[in-house]
Amino acid sequence: MLSSAISVLALAATASAHIVISYPGWRGNNLVTNETFPYGMQWSYPCGGTPVTGNRTYWPTTGGAIAFQPGWFQGHATAFVYVNMGFGTDGPDGGPANMSFPMIHPFQILGPSKNPYPGTVCLTQVPLPNNVTVQPGDNATIQVVELAVHGAALYSCVDITFLEPGDERIAEVNATNCYNSTDIGVADIYTITTRESGSDEYRVSAAHPAISLPGLSASLLGWLPLIGAGIWAVL
Ligand SMILES: *[C@@H]1O[C@H](CO)[C@@H](O)[C@H](O)[C@H]1NC(C)=O
Ligand SMILES: *[C@@H]1O[C@H](CO)[C@@H](O)[C@H](O)[C@H]1NC(C)=O
Ligand SMILES: *[C@@H]1O[C@H](CO)[C@@H](O)[C@H](O)[C@H]1NC(C)=O
Ligand SMILES: *[C@@H]1O[C@H](CO)[C@@H](O)[C@H](O)[C@H]1NC(C)=O
Ligand SMILES: *[C@@H]1O[C@H](CO)[C@@H](O)[C@H](O)[C@H]1NC(C)=O
Ligand SMILES: *[C@@H]1O[C@H](CO)[C@@H](O)[C@H](O)[C@H]1NC(C)=O
Ligand SMILES: *[C@@H]1O[C@H](CO)[C@@H](O)[C@H](O)[C@H]1NC(C)=O
C-alpha cells in the first residue's frame with residue numbers, strides 16, 4: 001500500500017495535478033501525459049480519458065464511502081471537489097451518457113502548500129443522488145471532479161455494481177483505506193446572491209456594502225458588488 005502510494009507520488013510530481021480514487025476503486029491509472037493526451041489524461045471529460053471498465057467494484061445501494069487522494073498540485077494549493085454519479089451505458093465511452101447527478105454539495109480542499117502533496121480525503125457516507133433509487137445488480141459510475149483554481153477540471157471515475165449494504169463482496173471500509181490526512185483541510189463553499197434573475201435590485205450584505213456613486217450607470221454599478229461576491233466566494 002505504502003509503496004504503491006509512493007510510486008504514484010513519483011509519477012505525480014512530474015505532472016500539474018491529479019486525483020486518485022482510493023476507495024471503492026478506480027477505472028485505472030490516468031496520471032498520463034503523452035501524444036494522445038498532450039495536456040494530461042485527467043483533464044478529459046467525463047472520466048479523465050479512461051473508458052468504461054468491465055471489472056466493476058461493488059458499492060452499497062444505500063450509498064457508502066468514497067476516498068480519494070486529491071492530488072499533488074504544482075501551483076494550486078486549493079481546489080473544489082465534486083462527486084457525481086452517472087447511469088447507463090449509452091455514452092461514447094461505453095459508460096453513462098452523462099455524469100449529471102450530484103451526490104454531494106461541492107466543497108473546497110485546502111492543501112498544505114503549492115507543491116505536490118500526498119494525502120487522502122475520506123467521505124464516509126456519500127448518499128445516492130437526490131430522488132434516485134437503485135436495485136442490487138444495477139450498474140453506475142462514480143465521478144470525482146477536482147476543479148483547479150484556474151477553472152479547469154480533473155476527472156477520475158470508478159465503475160460500480162450496487163449490492164445490498166453488508167454484502168461481503170463490498171470491500172471493507174477502514175482506517176487504512178478511508179481516512180482524512182491532517183495536511184488537507186476542507187472548507188465549505190457558498191455563494192451570496194447579489195442580484196436575483198429578473199430583478200434590477202442589488203442586495204446589500206456585510207461583505208460588500210452598497211456603494212452609491214452618483215452618475216454611474218446601473219449596468220456599470222452592477223459590476224462592483226459582483227466582483228466583491230466573487231472574491232467572497234473564493235475566500
Ligand atoms: C480494473 O482493471 C484496471 C486495469 O487492470 C485497474 O487499473 C483498475 O484498478 C481495476 N479497477 C478495479 C475497480 O478493480
Ligand atoms: C497514452 O496513454 C493512454 C493511456 O495509457 C493510452 O491509451 C494511449 O494509447 C497512449 N498514447 C500514446 C500515443 O502512446
Ligand atoms: C453490469 O455490468 C456488468 C459488467 O460490465 C455486466 O456484466 C452486467 O450485465 C451489467 N448489469 C446490468 C444490469 O446492466
Ligand atoms: C443523463 O442521463 C440520464 C440517464 O442516466 C438520462 O435520463 C438523462 O436524460 C441524461 N441527460 C441529458 C441531458 O442527456
Ligand atoms: C425530487 O422529487 C421531488 C418530488 O417529485 C421534487 O419536488 C424535487 O424537485 C426532486 N429533486 C430533484 C433534485 O430532482
Ligand atoms: C481494510 O480493508 C481492506 C479492504 O477494503 C483490507 O484489504 C485491509 O486488510 C483492511 N485493513 C485493516 C487494517 O483491517
Ligand atoms: C473527512 O472530512 C470530511 C469533510 O469534512 C467529512 O465529511 C468526513 O466525515 C471526514 N472523514 C472521516 C473519516 O472522519
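## Surface and overall fold

The protein chain has an accessible surface of about 12600 Å², and 57% of this area belongs to carbon and sulfur atoms. Accessible areas follow the Shrake-Rupley method with a 1.4 Å probe, and for residues only the protein chains shown count as cover. This is a predicted model, in which local features need pLDDT of at least 70 and side-chain atom pairs count only at pLDDT 80 or more, whereas totals for chains, interfaces and linings use all residues. Residues are numbered from 1 along each chain as its sequence is written, chains are lettered from A and ligands numbered from 1 in the order in which they are written, and side-chain values use heavy atoms, with hydrogens and water left out.

The chain contains 2 helices and 10 strands, where helices (H or I, at least four residues) and strands (E, at least two) are DSSP runs numbered from the N terminus. Their order from the N terminus is α-β-β-β-β-β-β-β-β-β-β-α. Of the 235 residues, 42% are buried; buried means under 20% relative accessible area, exposed over 50%, and partly exposed in between (1.4 Å probe, protein chains only). Among contacts (heavy atoms within 4.5 Å) with a separation of 6 or more, 72% are between residues 24 or more positions apart.

## Disulfides

The whole structure holds 2 disulfides, a disulfide being a pair of cysteine sulfur atoms within 2.5 Å. With bonded cysteines counted along the chain, the pattern is 1-3, 2-4.

Cysteine 47 is joined to cysteine 157 with an S to S distance of 2.0 Å, and this link is left-handed, with -75° about the S-S bond. Cysteine 47 belongs to the loop between E1 and E2 and cysteine 157 to strand E9 (residues 153–163), so the bond ties together parts 110 residues apart in sequence. Both cysteine 47 and cysteine 157 are buried. In the other pair, the sulfur atoms of cysteine 122 and cysteine 178 are 2.0 Å apart. Cysteine 122 is in strand E7 (residues 121–126) and cysteine 178 in the loop between E9 and strand E10 (185–188), 56 residues away. The torsion about their S-S bond is about 85°, so this disulfide is right-handed.

## The loop between E1 and E2

Asparagine 30 is located in the loop between E1 and E2 and is buried, at 2% relative accessibility. Its side chain makes polar contacts (N or O atoms within 3.5 Å; within protein, one must be able to donate a hydrogen and the other to accept it, and residues adjacent in sequence count only if both atoms are side-chain atoms). One reaches the backbone oxygen of glycine 48 at 3.2 Å, and another the backbone oxygen of tyrosine 155 at 3.3 Å.

Serine 44 also lies in the loop between strand E1 (20–23) and strand E2 (57–60), but is partly exposed, with a relative accessible area of 22%. Beyond its neighbours within four places in sequence, serine 44 is in contact with Phe37, Gly49 and Tyr155.

## Ligand 7

Cys122, Thr124, Asn180 and Val186 surround ligand 7, each having a heavy atom within 4 Å of the ligand. A backbone N or O atom of cysteine 122 is 2.9 Å from a nitrogen atom of ligand 7, while a polar side-chain atom of asparagine 180 is 2.4 Å from an oxygen atom of ligand 7. The protein covers 53% of the 360 Å² of accessible area that ligand 7 has on its own.
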